[in-house]
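Open the model in your viewer and keep the selection tool at hand. Each stop below says what to pick and what is there.

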Amino acid sequence: MVSNPGRRAALVDAGVEVLAREGARGLTFRAVDAEAGVPVGTASNYFTGRADLLRQIDTRLHVRLAPDPDVVEELLARPKDRSLVTAFMHDLMGRATRDRTGYLALTELRLEATRRPELLASYTKSVRGDLEEAMEFHRTAGLPGGDESVAVLYLAMLGLLLEHLTLPGVLEGVLPGVSVPDGLVERIVATVLPEGPQE
């Protein structure tokens, strides 16, 4: 395999674009080459196959969609209450909305993992690692609620992200007077973490 980190990163990002736009079936080396604007055959010099490309896309998306450390540091200076959890959920929604292509590519990775056993294990491990990391962060930061709250927030936010970024019309007006997505983020957190003493 060719070792040119800059070219490899550009090809992986091109793969993200193709995956989000065309789905896994459209993710060919030729399509990645075209998206990256490189000669035909370039991607095949950087990846051992589609499964390798998909794994590298997964790794890259974790970088692209990760929270900004400066934002996290700024937020953690606030009181450790429900409003801080709400701010973190708004940050999550903002990151996914700003990189809609990246989020859609993650969704396509989930679907492709159901069809490719060799990806299912690695992608399950990756996503489970994210959830466990979120639980650990919540505990270490001293945020209200425990692991159960984090798991429920994860599931609720996953559903909100999916609808908002794929079929936004589904949520418009579903709760009169509640804005999409910001008002729904606030309702989710308020429902999962009602005010008062938390376990």
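Select V32 to begin. This is a predicted model. V32 counts as buried because its relative accessibility is 0%, and the cut-off for buried is under 20%. Its place is in helix α2, residues 29-36.

Now show what surrounds V32. Leaving out residues up to four places away in sequence, V32 touches L11, A14, G15, V18, L27, A43 and L53. E17 and V32 are 15 residues apart along the chain. Their C-alpha atoms are separated by 8.5 Å.

**Next stop: L27**

Move to L27, one of the residues that V32 touches. Which residues is L27 in contact with, leaving aside its neighbours within four places in sequence? Pick G15, V18, L19, V32, R50, L53, L54 and I57.

**The largest nonpolar core**

Widen the view to the largest nonpolar core, which has 28 residues. Highlight L19, L27, I57 and L109, the residues with the most contacts inside this core. Then colour four helices: α1 (5-22), α3 (50-64), α6 (100-115) and α7 (117-141). Each of the four supplies at least two residues of the core. Which helix gives the largest share of this core? It is α1, with seven residues.

Domain 1 covers 5-60 and domain 2 covers 67-192. The core draws at least three residues from each of the two.

In soluble globular proteins, nonpolar side chains tend to be buried together.

Select L84, V85, A87 and M89. These four are among the 26 residues of another core, which lies apart from the largest one.

Go to helix α9, residues 182-192. Which of its residues are buried? Select G183, L184, V185, I188, V189 and V192. Now show α5 (82-98) and α8 (147-166), which are included in what covers the buried residues of α9.

Step to P181, in the loop between α8 and α9. Look at the peptide bond that joins V180 and P181. This bond is cis, with omega at about 5°.

**The largest pocket**

Rolling a probe the size of a water molecule over the atoms shows where empty space is left. The largest pocket holds about 1100 Å³ of space. Its lining counts 32 residues. Select P67, L92, R95, D130 and A134, the lining residues that lie nearest the pocket's centre.

Which elements give two or more residues to this lining? Colour α3, α5, α6, α7 and α8. The largest share, eight residues, comes from α7. Now colour the lining by class. You will find 24 nonpolar, three polar and five charged residues.

**Zoom out**

Finish with the whole chain in a cartoon view. The chain has nine helices and zero strands. Its C-alpha atoms fill a box of roughly 60 × 35 × 30 Å along the principal axes. Of its 199 residues, 41% count as buried.

Take contacts between residues at least 6 apart in sequence. Of these, 68% join residues at least 24 apart.

Terms used: Residues are numbered from 1 along each chain as its sequence is written. This is a predicted model: local features need pLDDT of at least 70, side-chain atom pairs count only at pLDDT 80 or more; totals for chains, interfaces and linings use all residues. Side-chain values use heavy atoms; hydrogens and water are left out. A nonpolar core is a set of buried Ala, Val, Leu, Ile, Met, Phe, Trp, Tyr and Cys residues joined through side-chain atoms within 4.5 Å. Buried means under 20% relative accessible area, exposed over 50%, partly exposed in between (1.4 Å probe, protein chains only). Domain bounds come from an automatic or database domain assignment. Contact means heavy atoms within 4.5 Å. On a 1 Å grid over the protein atoms alone, a cavity is a set of points where a 1.4 Å probe fits but cannot get out, and a pocket is an open set with protein on both sides within 12 Å along at least five of seven lines; lining residues have an atom within 4 Å of a point. Grid points are joined across faces, edges and corners, and a volume is the space filled by probe spheres set on the points. Ala, Val, Leu, Ile, Met, Phe, Trp, Tyr, Cys and Pro count as nonpolar, Asp, Glu, Lys and Arg as charged, and the others, Gly among them, as polar.
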